[in-house]
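Biologist: Show me the model, please. Then I will ask what stands behind each label.

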Amino acid sequence: MRLSHRVGTRASPEQVWSVLGRPQRWPEFDVALRRVRGATGEARTGQHLMAVVRGLPVAVPVDVVEALPTRRLVLRVASFPGMAHEVTTEVVPRLRGGCTLSVRVVTDGLLARPAALPVWALSALTTRLLASRCDRAAADQQGRLSA
């Protein structure tokens with residue numbers, strides 16, 4: 001099952017990566033996460049992390065399949081037995097400033113079809129919260145430069 005979202009932000013790719021590229025910051029925009037264990041510094045290709053779920057005493061494995069700073073982050077998430085996701089976030093600069101976040105979620109496993117709507121809704125919310133978080137950071141930085 002493939003799901004996708006596209007959202008624009010006034011933030012530069014570097015500003016987006018300062019949030020997206022740091023696993024310890026993922027709970028700032030992913031409402032399902034309380035914290036990420038094993039996360040220090042920027043995401044690196046081949047990194048193995050554990051994402052601690054908010055509200056439950058559960059941690060799920062997250063593998064960083066590809067990390068290209070300011071451009072792309074690909075994660076493999078083993079949500080629970082019978083379902084896994086590959087989440088690809090592309091950061092595409094726009095000609096007039098800012099960038100577009102393009103997120104694709106590929107879900108597979110026995111439970112992929114029944115989970116499609118909740119996965120789609122959560123990934124849509126996460127994408128929009130990431131864009132909003134980056135917009136605020138860009139506005140704050142612009143305000144400091146103007147002052």
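Modeller: What follows takes the labels one by one and sets values against cut-offs.

Modeller: This is a predicted model, where local features need pLDDT of at least 70, side-chain atom pairs count only at pLDDT 80 or more, and totals for chains, interfaces and linings use all residues. Residues are numbered from 1 along each chain as its sequence is written, and side-chain values use heavy atoms, without hydrogens and water.

Biologist: Why is methionine 83 called buried?

Modeller: Buried means under 20% relative accessible area, exposed over 50%, and partly exposed in between, with a 1.4 Å probe and protein chains only. Methionine 83 has 6%, so the label is buried. This residue lies in strand E6. Strands are DSSP runs of E with at least two residues, helices are runs of H or I with at least four, and both are numbered from the N terminus.

Biologist: What does methionine 83 touch, leaving out residues up to four places away in sequence?

Modeller: Contact means heavy atoms within 4.5 Å. By that rule, methionine 83 touches Ala78, Thr107, Asp108, Gly109, Leu111, Ala112, Ala115 and Val119.

Biologist: What makes aspartate 135 and arginine 10 a salt bridge?

Modeller: The term asks for a side-chain nitrogen of Lys or Arg within 4 Å of a carboxyl oxygen of Asp or Glu. Here the N to O distance is 3.8 Å, and the pair is a salt bridge. Aspartate 135 lies in helix H2 and arginine 10 in the loop between E1 and H1, so the pair ties together parts that are 125 residues apart in sequence.

Biologist: Are those two partners buried or exposed?

Modeller: Aspartate 135 is buried, at 17% relative accessible area. Arginine 10 is exposed, at 58%.

Biologist: How many salt bridges does the structure hold?

Modeller: Six. One of them joins glutamate 66 to arginine 72, with the closest N and O atoms 2.9 Å apart. Glutamate 66 has 26% relative accessibility, so it counts as partly exposed. Arginine 72 has 21% and counts as partly exposed. Elsewhere, salt bridges that share partners join Arg25, Glu28 and Arg133 into one network.

Biologist: What makes E6 and E7 a pair?

Modeller: Strand E6 (residues 83-93) and strand E7 (residues 99-108) are joined by 10 bridges and run antiparallel. Valine 92 stands opposite threonine 100 in E7.

Biologist: Why is leucine 122 called partly exposed?

Modeller: Its relative accessibility is 34%, so leucine 122 counts as partly exposed. The residue is found in helix H2 (residues 116-146).

Biologist: Which residues form the nonpolar surface patch?

Modeller: Patches take residues with over 30% relative accessible area and no salt bridge; like charges are joined within 9 Å, nonpolar side chains (Val, Leu, Ile, Met, Phe, Trp, Tyr) within 5 Å. Val31, Leu122 and Leu125 form the patch, with about 210 Å² of accessible area together. Such areas come from the Shrake-Rupley method with a 1.4 Å probe; for residues, only the protein chains shown count as cover.

Notes. Two strands pair if DSSP finds at least two bridges between them.
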